[in-house]
Amino acid sequence: MTRIEHPAPPRDPAEVAAEAERLEKVWESPKGWRYWSDVNNSEVGLWYTLTAFGFLLFGGVLALLMRTQLAVPENDFVSAEFYDQLFTLHGSVMMFLFAVPILEAVAILLLPEILASRDLPFPRLSAFGYWCFLIGGIFVCGSLFFDAAPTGGWFMYPPLSTDERSAGIGVDIWLLGLSFIEVASIAAAVELIIGVLKCRPPGMRINLMPLYAWYILVVGAMILFAFPPLIAGDLLLEMERAFDWPFFDPARGGDPLLWQHLFWVFGHPEVYIIFLPAIAVVAMIVPTFAQRPIYGYTWIVLAAVGTGFLSFGLWVHHMYATGLPSISLGFFSAASEAVAIPTGVQIFAFIATMLLGRVIFSVPMLFVTGALAIFVAGGLTGVMVALVPFDWQAHDSYFIVAHLHYTLLGGMLFPMFAALYYYFPFVTSRELSRRPGVIAFWLLFTGFNVAFLPMHLTGLLGMPRRVFTYPEGLGWDGLNMVSTVGAFVFALGVAVVVVDMLRPRGRQPYCTRNPWNAGTLEWLTEVPGKPWGVRSVPEIDSRYPLWDQKDFVRHVDEGRFFLASAKEGKRETMVTTAIDAEPIQCLRVPGPSFIPMVAAIFIGGSFIFATFAWYWMAVASGLLGVAAILAWLWVGTAEIPEKAEKAVGLGLTLPLYASGPAGVGWWAMFITLLGDATAFAGLVFGYFFFWTIHDDFPPALVQADLVQAEVGLGVAWPAAGVALAVAGWALTVLARWGNRRGAIYAARLVLVAAAAISAAATAALLYAPYAAGLEPTAHAYPATVWILAIWVALHLAVGVIAQLYCLARSLAGRMTAAHDIDMVNTALYWHFMAITAAVHFAVVALFPLAQ
Amino acid sequence: MTPRKDSLWELIAGPTIWSVYFLVAYVAAAIVCAKGGDMDSLRIAILGLAVAALGAIGFAGFDAWRRWRRGHEAAPPHDDDTAMSRHQFLALATLLLCGLSFVATLYVALPAAIFASCR
Amino acid sequence: MLRCKGRRSKVPGGRRRLLPASAALLLAGCGGPQSALVTAGREAEAVAGLFWIMLGGAVFIWVLVIGTAVYAAYIHPDPHRDRVARWFLLGGGVALPVAVLTALLVYGLLLMGSLRSEGEGLRLAVTGEQWWWRVSYSPEGGGDVVHSANEIRLPAGRRAELLLDSPDVIHSFWIPPLGGKMDMIPGRTTRLVLEPAEPGSYRGACAEYCGASHALMAFSVEVMEPAAFDAWLAREAEPAAAPTEAAARRGAELFHDVGCGACHAIRGTPAAGVIGPDLTHLASRATLAAGTLPMTRDALARWITDPQAVKPGARMPPFRALGKTRIADLAAFLAELQ
């Protein structure tokens, strides 16, 4: 790599000013009602953050209602039924509508600025994710006001959640509403992973990357492997609820424990998915107030990556009391203890940084210290409950309630409050008040500990979780009263923060630029803020460029780095390589559009209609959603630029179009498909899980119904299906090859053939279980075979749409031999489909023969 | 010396080996305990696999250590804007992750050494 | 907190309305009939011991870590030497945790093995149902199975094995003073071994959320001297005594006429229902409706009148239509089922 000499020499100020004006125009948000069509990360990130914060307040009010009910024994402030709705929604809202979304929200808001990028690579995807989140969140929360909220607990264990007597529509609202939001989370993960790997500023090698980006990279990868199993579980549970497919009904070969596995293989990594991005903010705040670089950077990277891996070996520690063999519990106990090592290392690195620096007192730092005090306590009780024998006592008692709130509030909420005080000037150009901040901190810190510290004891005195009342005289009365008082003190603290946040500050003067004297790129932000993110995308030589690079801010402001202008009137950002951040492309990102919102409304509609079992409406809405997404792809992606290359400044010329692994779209497809494959793996896990618990699988009852002599599904039709699917894949790859070689017409013909054969594959795979006479409501075996067939068939159907889309793009002249992003990505999709179909065949057709 | 091209896949070698080991041990134990099987062979297999995994992690760690030591910079923070600094940072991070994975693999092998039945 | 550590010698009984001042003071500490800290069984004692050790260690580590943070940020904010930070990170953040966690893990695994070792002799089958407990005893050395409900009696000093399951939703069986909990999962049978040490009255409860009245699914626990236990079991196996009091005799007829026997069994009478709890020796139990009400005539009447008012979602229909007098007769009958 040749070193880029920087900055560029100074230019005529008038020219620079004209450039700035044009750049501002390009990045400006639309005015009036069109404002809501904006897709830029600053706006979407802000809406996302505020919405998630709103859900936090809602979830908090639910908690206060619960604490009021539990203040005294045998209270009748709320009914048992309503209390069940309260704790179910409190957990679900805090986890799915606050903790996970706010990390995505803050990342969307901050990550591009921390990387001095103009935007994330897929702004419309962020907007789509936001609208999904808003619609799903309101749907789930709104159920409370119609007395239709779910009552199954945030873990929604069957058979309670499939019990007709106790589980009403609330469970469907929960399943479909939250599945919808999970899709949005995965979209955000794709965006953030590529944002970190491909959208760093030139020169920001991987060893110079801010720790926040490291954490977000790890968390993105974790979301990719943690959320899909839950989506698979949601699918199974909803199929049982809606169509009586007995996945979790032991009377018909199902098993309630399958749900627990699928739920917790999501649920435990999720705790770290919440914790890591919040602790990432701490990793940004501590160096600023210690006024020195972070100590133990490599150790913190170890912690982030190590935690990401180990957190997938913990899920059974939520199932210690389910009677699994000791040796199995032992594995998970071991991993649960091991994960404490990386978790601890990063805390020690932060404190070591504080030891080495000259620490400045500030409200964010106060919250950081409080967060450490609370989180370390939660971590220590976590080490305790990771030991199986102790957990047998503590599990499902108030000890766990205390433990999880210590970890989540110390590991997530207090850091988020620190982030609020730290980044408020970044967003609004004005600081939050110091004195109310200190008062709020002490109210929150005191209230929290008064509420939750006694709960450890309450739990060890035998009080189970999720009880709407308790008898007097068991030693719990006083402790509960204290907890309730603490909860209200805490709420008062939240109120102080909210008032300070929302009070009008029109007359308050702007703060100085970079008010905390931080060293990282997000503090390049101007006061008052400009829509472009950074005036010019800088070349980076240090982990703390604002501290280390001479006259850095001035050079950025004078447009002496990359992309200082927007001559063609397009929104542009830099794409760089993953390891050394060498510039490889100037990426055009799409501007404001209502299409993401429309797509979210229709897709959301299909989930919501399905809740009420209005299936035709759901299908219609879903088709409209697919149409909206196709329209979005058609007009907004893989556009052929008016020229091949562009001079981006500092003497560098970059291509405007990149297909294959060099482009961001290919990576988005690849990463999405990894997540998708994980969901499929979740379903396959279900198949083998049933095999382990049954002596005969496929079971005899299915075999008895067969006309043929084959076992279960038989081999002929699945074999036909998989053969056709592989043929569809081969033809797609051939079409890509031909298209690239300029054989456009031949490629079009091959695409037609590929689509026809792939459609036939879809039909054959669906016909297979039908031909075998498998009745999905009879037993878990046919239900599992059916769900696998449907899953693969649906994916093949999407593959057919992709093939036809390529054909249409080719006919419309939007895809050519040199500009073949659509074709390359479709081929990538089909690589995964070929593997999926082959695995499907091996599992449902070949495996039964092998026994 | 010009450092060779680095990749992020190397970085996660240690934890990946741990993950595979963990998954195989868990699945094997689940199947043996559910379907009935010889517990002694299971334990020997899990412990044998642990030795193999520890060896692989140890090798990856040793390789990372060698790469790290051969660099120009004597110690962290490895925060220079040079290919060497980046190379040494990745080597050190790989080494640390191998250390963690080594401990985690030892931990996961413990239950197989302790429990003689599926109870 | 004097009474926090160790085994209990004598503990307050089941569900008491009013507590003497001294007992209240005790309960404000670590005691109580459902406490996992003042223990009465081998399993719970081992776990409580582990807890106190871990608590001590945790407090020490917390003070060390947070003390350093507060010191670095507020007490002495000026820079320290590199060596201090390096030793803090490597010693405190790496070496210490690895050593402590290794020791804890090995101890925890060994303890789990010993807590799960086989029971001897007495077996209980306990079924968790929404929202009560079906219990049956299989005595040592064979003998008839004895059916009961909502009460667990165990002999002190013997390892009893409990087989747990559920016909409806997941429940979890937990007697904190005796040992840890175990889930009751439809379609599976789980096991729990308990070795009570101290005779006395305790309380257990369902720990897994199981629907509207999860909070009202408890049971009384009596740990007895082995001889007393054997005598009790023999008595429990006998059929119900005939009603004596006039009201009770009317109640017995009413029990039959109303059809209570469709759901409840009273051995020695035609009532042989299996949907609800066995009532043969109902009045000998400490509580009514799975630990929800005291075992008094008033409470019995209240329960029969409107079970849902006591326990939301309960399956037993309300018998308000019978009128106060007849319900009082029924209660009188049931109160004699010693």
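Q: In this predicted model, how many contacts beyond four places in sequence are there for residues 10-27 of chain C, over which pLDDT stays under 50?
A: Residues are numbered from 1 along each chain as its sequence is written, while chains are lettered from A and ligands numbered from 1 in the order in which they are written. Two residues are in contact if their C-beta atoms, placed from the backbone, lie within 7 Å. For residues 10-27 of chain C, where pLDDT stays under 50, the number of such contacts beyond four places in sequence is 28.

Q: What is the mean pLDDT of chain C?
A: The model as a whole scores ipTM 0.96 and pTM 0.95. Within chain C, 92% of the residues reach a pLDDT of 70 or more, and the mean is 91.

Q: Which element of chain C gives the most to the side of chain C that touches chain A?
A: In this interface, 80 residues of chain C are in contact with 73 residues of chain A. Helices (H or I, at least four residues) and strands (E, at least two) are DSSP runs, numbered from the N terminus, and those that each supply at least two residues here are helix 1 (21-28), helix 2 (42-75), helix 3 (82-115), strand 7 (182-184), strand 8 (190-194) and strand 9 (200-206) of chain C. With 19 residues, the element that gives the most is helix 3 of chain C.

Q: How many residues of the side of chain A that touches chain B are charged?
A: Here 37 residues of chain A are in contact with 42 residues of chain B. Two or more residues of this side of chain A come from each of helix 8 (297-310), helix 9 (326-338), helix 10 (340-356) and helix 20 (664-693) of chain A. The side divides into 22 nonpolar residues, 10 polar residues and a charged group of five.

Q: How many bridges join strand 9 of chain C to strand 10 of chain C?
A: C:Ala205 stands opposite C:Ala218, which lies in strand 10 of chain C. Strand 9 and strand 10 (residues 218-224) of chain C run antiparallel, and the number of bridges that join them is six.

Q: What is the radius of gyration of chain B?
A: Chain B contains four helices and zero strands, and its C-alpha atoms fill a box of roughly 55 × 20 × 20 Å along the principal axes. The radius of gyration is taken over C-alpha atoms, and the globule rule is 2.2 Å times the number of residues to the power 0.38. For 119 residues a compact globule would have a value near 14 Å, but chain B has 18 Å.

Q: Where is B:Pro77 found?
A: Most peptide bonds are trans. The bond from B:Pro76 to B:Pro77, however, is cis, with omega near 20 degrees. The place of B:Pro77 is the loop between helix 3 (39-70) and helix 4 (83-114) of chain B.

Q: Is C:Asn150 buried or exposed?
A: C:Asn150 lies in the loop between strand 3 (146-149) and strand 4 of chain C, and has a positive phi of about 55 degrees although it is not a glycine. A residue is buried if 20 or more other C-beta atoms, placed from the backbone, lie within 10 Å of its own, exposed if 12 or fewer do, and partly exposed in between. Because C:Asn150 has 23 C-beta neighbours inside 10 Å, this residue counts as buried.

Terms used
This is a predicted model: local features need pLDDT of at least 70, side-chain atom pairs count only at pLDDT 80 or more; totals for chains, interfaces and linings use all residues. Ala, Val, Leu, Ile, Met, Phe, Trp, Tyr, Cys and Pro count as nonpolar, Asp, Glu, Lys and Arg as charged, and the others, Gly among them, as polar. pLDDT is the predictor's confidence in each residue, from 0 to 100. Two strands pair if DSSP finds at least two bridges between them.
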